[in-house]
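Subject: Structure handover

Hello,

Here is the structure I promised to pass on. Please open it alongside this email and follow the notes below.

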Amino acid sequence: MTLIAHLSDIHIDTADGDRSAARTRAVMDYLEDLPVDLDAVVVTGDIADHARPEEYGLARELLLGSRHPVLVCPGNHDDRAAFRQGLLGLPGSAGPINQVFRTSGCVIALCDSSVPGKDEGFLEDETLAWLEEVLAGTPAGTPVLVGFHHQPVPLHTPYVDQWRQFGEERLAALTRRYPDVAGFLCGHTHTATATVFAGRPLLVAPGVVSALRLPWEHPAVPSPHVHLGLPPAVAFHVLDGDGRLTTHYRIVDASSGLGSGR
Ligand SMILES: [Fe+2]
Ligand SMILES: [Fe+2]
C-alpha cells in the first residue's frame, strides 16, 4: 500500500499578514504529527502567490522541512525560473519543470502544465515526450500517478474552467496506451473534487489558501469567487498494489495551529 498526502494552492504571500503561511503550516504540522511515514506529499502548484523570491523562501521552509518526501510542481501563479531557484535550488531556466519520483509501490510523475505569462494550462510537447519516456520505462504492473496543476476537463466550475488545461486529447491518447496509469492528481480549482479523465480517476486537491465558491452557492462581497473563511484541507490517496486508488479528504483546523485533534 502506498499512502500519499496531496495539497495544493498554498499561494504563499509574505504580505498577507501570515494568512497563507499559517494555513500551510497547519496542514504541514498535521502531516508531521501523523504516527506513520507518508510515501510522499504532493503539492500541485500555485506555491508562491506572486512568484517572488521571498515567497519561495518561505514556501521552502514550510514545505521542504518535512520528514516526509515532498514533491512540488508549478502552477499559473508560479514562475519557472524563480521556482527552480527558490524551491529546487537549481539554476533558473524557462523550460518546463517535470519530475519523477519512485516509491517502493508506485511512480509519481509530476508534469509542468503552466504556460509562462498565462493562467490557462497546457502540456508542452516536451513534457508529453518526457511523460511517455517515464511510462515506457516503468515496469508493467507498477502503478503510476500523474500530477500537474491544471485540471484537463471542465469541472462545472466556470471561474477556473476558463483557465483549465487545454490540448488534453494528447494526454488522453497517451494514457490509453498505458494501463498502469492509476490516476491523475491536480489542483488549481481550490476545491476537493473527484471525476474521471481518459478512463482514470482525476482527483483534485482542496485549496489550502482558500476554497472556490461553487456556482450554485451564494455570491459574496468582496470575494465573489472564493471562500476565505473555510478551513484548509488535504487529500490522502491510498494506492493498492493492483493500482486501485482510494481518496480521503481531511479538513485541518488552522486555528489550533495543529490539526491532529488528538
Ligand atoms: Fe490557485
Ligand atoms: Fe491555479
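Met 28 is found in helix α1, residues 19–32. Helices here are DSSP runs of H or I with at least four residues, strands are runs of E with at least two, and both are numbered from the N terminus. Before you go on, note that this is a predicted model, where local features need pLDDT of at least 70, side-chain atom pairs count only at pLDDT 80 or more, and totals for chains, interfaces and linings use all residues. Residues are numbered from 1 along each chain as its sequence is written, chains are lettered from A and ligands numbered from 1 in the order in which they are written, and side-chain values use heavy atoms, with hydrogens and water left out.

Is Met 28 buried or exposed? Met 28 is buried, because its relative accessibility is 3%. Buried means under 20% relative accessible area, exposed means over 50%, and partly exposed is in between (1.4 Å probe, protein chains only).

Which residues does Met 28 contact, leaving aside neighbours within four places in sequence? They are Leu 7, Leu 62, Leu 63, Ser 66 and Val 70. Contact means heavy atoms within 4.5 Å. Take Leu 7: it is 21 residues from Met 28 in sequence, and their C-alpha atoms are 9.5 Å apart in space.

**The whole protein**

Now step back. The protein has 6 helices and 15 strands. Its C-alpha trace spans about 45 × 45 × 40 Å along the principal axes.

Of the 262 residues, 55% count as buried. Look also at contacts between residues at least 6 apart in sequence: 66% of them join residues at least 24 apart. The accessible surface comes to about 11100 Å², and 55% of it belongs to carbon and sulfur atoms. Accessible areas come from the Shrake-Rupley method with a 1.4 Å probe; for residues, only the protein chains shown count as cover.

**Two iron ions**

Find the iron ion (ligand 1). What coordinates it? The donors are Asp 9 (OD), His 11 (NE2), Asp 46 (OD) and His 190 (NE2), at 2.0 to 2.2 Å. Donors are N, O and S atoms within 2.8 Å of the metal (3.2 Å for Na, K and Ca); water is not among the atoms, so sites may look incomplete. In sequence, the donor residues of ligand 1 are spaced D-x1-H-x34-D-x143-H. Asp 9 counts as buried at 0% relative accessibility, and His 11 counts as buried at 8%.

The iron ion (ligand 2) has Asp 46 (OD), Asn 76 (OD1), His 149 (NE2) and His 188 (ND1) as its protein donors, 2.1 to 2.3 Å away. How far apart are the two iron ions? They are 3.4 Å apart, and Asp 46 coordinates both. Asp 46 lies in the loop between β2 (40–44) and α2 (53–64), and His 188 in the loop between β9 (181–186) and β10 (193–197), so the pair ties together parts that are 142 residues apart in sequence. Asp 46 is buried at 2% relative accessibility. His 188 is buried too, with a relative accessible area of 4%.

The buried residues of α3 are Arg 80, Ala 82, Phe 83, Arg 84 and Leu 87. They pack against α2 and β3 (70–73). At the start of α3, a side-chain oxygen of Asp 79 comes within 3.2 Å of the backbone nitrogen of Ala 81. Just after α3, Gly 89 has a positive phi of about 65°.

Further on, Asn 98 sits in the loop between α3 (80–88) and β4 (99–102). Asn 98 is buried, with a relative accessible area of 18%. A polar atom of its side chain lies 2.9 Å from the backbone nitrogen of Asp 112. The side chains of Asn 98 and Thr 127 make a polar contact of 3.1 Å. A polar contact is a pair of N or O atoms within 3.5 Å; within protein, one must be able to donate a hydrogen and the other to accept it, and residues adjacent in sequence count only if both atoms are side-chain atoms.

Best wishes
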